[in-house]
Amino acid sequence: MISETENKILQAAKKVFISKGYAATKTRDIAEEADINIASLHYYYRSKDKLFQIIAEDAIKSFNEKLDCVFCKELTLEEKVNKFVSESIDFFMLNPFIPLFIMNEMNQNIEMLDNYLNCSNNMVELSNQLNKLTEEGKIRKVDPNQFMINLLSMTIFPFVGFPMICKQFNIDSAEFNNLLIQRKKLIPELVLNDLRI
């Protein structure tokens with residue numbers, strides 16, 4: 001169990017990472033936000049990297065639990081897609097640093113992802129559901145891997161491409177968030193329409 005000071009530091013770090021981004025965040029910023037001195041911060045957490053890893057791992061664990069609830073429940077495919085997109089966008093709006101963290105981890109050590117992502121059971125469940133619906137003639141035949149790649153990329157890319165999207169479309173953070181909210185409806189429509197016979 002972590003101490004009150006450790007928790008205070010983690011909450012401060014998360015707030016600063018979200019507002020400034022990982023690269024621009026300094027340990028001094030986190031210490032100021034937590035209202036402690038830098039020596040105390042280093043006593044509990046040796047580096048910014050360590051803090052970030054703890055926060056990201058905790059957030060990803062929470063996200064995986066959400067995915068388990070979405071894909072392993074007895075929901076229709078349409079319900080699963082809508083729930084996945086809506087909950088993913090909500091999650092990444094609260095934790096916008098997670099997609100880049102995962103990409104950086106993949107580039108450094110792909111095996112480390114096993115600690116963060118555990119979606120094999122979800123993929124088996126989804127594959128079985130897609131195959132059953134295909135056999136029943138309710139949807140066209142689709143590769144479950146391609147289906148999931150489409151779903152993930154349409155949901156996650158805006159968070160990875162946030163600076164580029166804002167610059168390219170000349171929009172601010174509030175307008176970007178509005179786009180994300182619109183995508184909660186748009187993505188399921190695109191993905192499910194593509195399956196219709």
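**View 1. Aromatic pairs in the predicted model.** Searching the whole structure turns up 8 aromatic pairs. Keep in mind that this is a predicted model.

**View 2. Phe63 meets Phe91.** Here the ring centres sit 4.7 Å apart with the planes at 20 degrees, so this pair counts as stacked. Phe63 comes from helix H4 (residues 48-71) and Phe91 from helix H5 (residues 77-94), so the contact ties together parts of the chain that are 28 residues apart in sequence. Both Phe63 and Phe91 are buried.

**View 3. Phe92 meets Phe159.** This aromatic pair is tilted, with 50 degrees between the planes and 5.5 Å from centre to centre. Phe92 belongs to helix H5 and Phe159 to helix H8 (residues 144-160), so this pair ties together parts 67 residues apart in sequence. Phe92 has a relative accessibility of 2%, so it counts as buried. Phe159 is buried too, at a relative accessible area of 7%.

View 4. The protein chain has an average pLDDT of 86, and 91% of its residues score at least 70. Confidence is highest in helix H10 (residues 173-193), with a mean of 96, and lowest in helix H6 (residues 98-108), with a mean of 70.

Notes
Residues are numbered from 1 along each chain as its sequence is written. This is a predicted model: local features need pLDDT of at least 70, side-chain atom pairs count only at pLDDT 80 or more; totals for chains, interfaces and linings use all residues. Side-chain values use heavy atoms; hydrogens and water are left out. pLDDT is the predictor's confidence in each residue, from 0 to 100. Helices (H or I, at least four residues) and strands (E, at least two) are DSSP runs, numbered from the N terminus. Rings of Phe, Tyr and Trp (its six-membered ring) pair if their centres lie within 6.5 Å; planes under 30 degrees apart count as stacked, over 60 as edge-to-face and the rest as tilted. Buried means under 20% relative accessible area, exposed over 50%, partly exposed in between (1.4 Å probe, protein chains only).
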